[in-house]
Amino acid sequence: MKFSCQKSVLNETIGNVGLAVASHSTIAALEGILMECSADQVKMTGYSLDFGILKSIPVMNAQPGRIVLSANLLASIVGKMPDGVITLESDDKWMVTISCQDASFTVLGMDPADYPEIPVVNDQDGMELPADTLKDILEQTLFAVSKNDSYPILTGVLFEAGENQLNVVSVDNIRLALRKEAINYNGSCKFVVPGKSLSELLVLLNKNFAQEEDKTVSLRFTQRHIIFSIGGYQVISRLLEGDFLDYQRTIPQTFKTQVTVKVKDFMDSINRASIIIHNSNVISPVKCSFEPDKIELSCESSLGKVKDSLPAEMEGEPLKVGFNNRYMLDALKASKCDQVLLKMGSDFNPILITPTQGDSFLFLVLPILLS
């Protein structure tokens with residue numbers, strides 16, 4: 001195998017494909033990048049059995065062939081090469097020479113026959129989303145994905161589509177995030193994508209398509225796998241099996257107290273209260289009193305006490321609740337709004353957070369009962 005390619009193109013592709021490479025695996029080849037050269041392009045693949053990224057790039061002076069190279073070693077070599085055209089050539093014993101101008105490396109590759117086969121998604125159902133919309137959806141749901149493997153289905157994000165609307169949901173038994181988006185999709189589908197896969201997809205989107213508002217992401221899925229396609233990249237992930245939580249039943253429908261508050265002011269006040277919450281293993285809830293024209297916050301720990309207040313507009317009955325500072329901050333940050341609406345039924349019902357206009361998102365945060 002042999003090919004030549006501009007360093008900038010090769011370096012960028014290695015960095016992006018490398019997001020899917022397994023850091024530690026019992027299969028040595030999975031710690032590498034599979035390179036498959038044809039007449040005028042090289043397809044590069046990173047894969048970890050659960051998640052993969054593929055991209056084909058144009059090359060010059062190509063001689064067809066396949067090889068696997070350590071992702072970390074390849075990235076280090078290409079990244080340190082001089083600017084210009086890099087030539088990569090391998091022999092039948094998997095020895096690879098990588099050269100550019102006066103710099104040259106000779107390293108040992110791996111047999112591509114040891115690289116697991118990438119799943120093929122044929123005759124698939126699908127939909128399309130603007131890239132910036134998908135980024136917003138992921139940023140507004142991934143924070144609530146469960147980290148507890150004892151209930152594996154909740155370590156993923158539910159995609160549920162029907163009647164030209166997409167609902168994307170994550171739950172970790174303490175909080176819930178729901179994002180709604182109108183889409184052009186006449187079918188009906190429901191599947192759960194691992195949160196880890198979507199986190200890497202979000203990194204790829206932010207690295208390469210953050211400023212490209214006209215980019216579209218194509219989603220194609222079967223019962224077992226999903227492929228996200230954008231800008232020549234194919235991101236493939238397995239889907240999680242099992243029944244997702246019936247999230248609609250967890251959303252309260254009646255409220256006694258509704259409060260409109262500026263997000264930045266509320267976050268600033270919670271951050272000040274958080275200064276004395278020093279030990280994550282000790283429950284030190286932020287106590288929040290909702291009054292007709294203000295919110296009063298307080299917190300107490302072994303470090304001391306803090307009190308603060310901020311203006312707000314309340315409808316209904318005054319109420320005092322406690323909550324985990326980090327969980328509330330995560331939800332407020334994910335709202336991406338200037339103001340949000342807090343809805344509460346009692347001091348032990350979930351705190352519901354929505355936009356002041358519309359219903360594009362909904363977050364739930366369970367309260368901490370106050371003694």
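1. The largest pocket has a volume of about 660 Å³. A pocket here is an open set of points on a 1 Å grid over the protein atoms alone, where a 1.4 Å probe fits, with protein on both sides within 12 Å along at least five of seven lines; lining residues have an atom within 4 Å of a point. The volume is the space filled by probe spheres set on the points, which are joined across faces, edges and corners. Among the 28 lining residues, D50, P194, K196, S197 and R238 are the closest to the centre of this pocket.

2. A word on the basis: this is a predicted model, where local features need pLDDT of at least 70 and side-chain atom pairs count only at pLDDT 80 or more, while totals for chains, interfaces and linings use all residues. Residues are numbered from 1 along each chain as its sequence is written, and side-chain values use heavy atoms, with hydrogens and water left out.

3. Which helix gives the largest share of the pocket lining? Helix 4 (residues 195–208) does, with five residues; helices are DSSP runs of H or I with at least four residues, strands runs of E with at least two, numbered from the N terminus. The lining divides into twelve nonpolar, ten polar and six charged residues.

4. The largest nonpolar core has 63 residues, of which F3, M35, M44 and L74 touch the most other members. Such a core joins buried Ala, Val, Leu, Ile, Met, Phe, Trp, Tyr and Cys residues through side-chain atoms within 4.5 Å, and buried means under 20% relative accessible area (1.4 Å probe, protein chains only). Helix 4 gives the most to this core, five residues. Another core lies apart from it, with 39 residues that include V286, L329, V340 and F363.

5. Five aromatic pairs turn up, counting rings of Phe, Tyr and Trp (its six-membered ring) whose centres lie within 6.5 Å, with planes over 60 degrees apart called edge-to-face.

Conventions. Ala, Val, Leu, Ile, Met, Phe, Trp, Tyr, Cys and Pro count as nonpolar, Asp, Glu, Lys and Arg as charged, and the others, Gly among them, as polar. Buried means under 20% relative accessible area, exposed over 50%, partly exposed in between (1.4 Å probe, protein chains only). Rings of Phe, Tyr and Trp (its six-membered ring) pair if their centres lie within 6.5 Å; planes under 30 degrees apart count as stacked, over 60 as edge-to-face and the rest as tilted.
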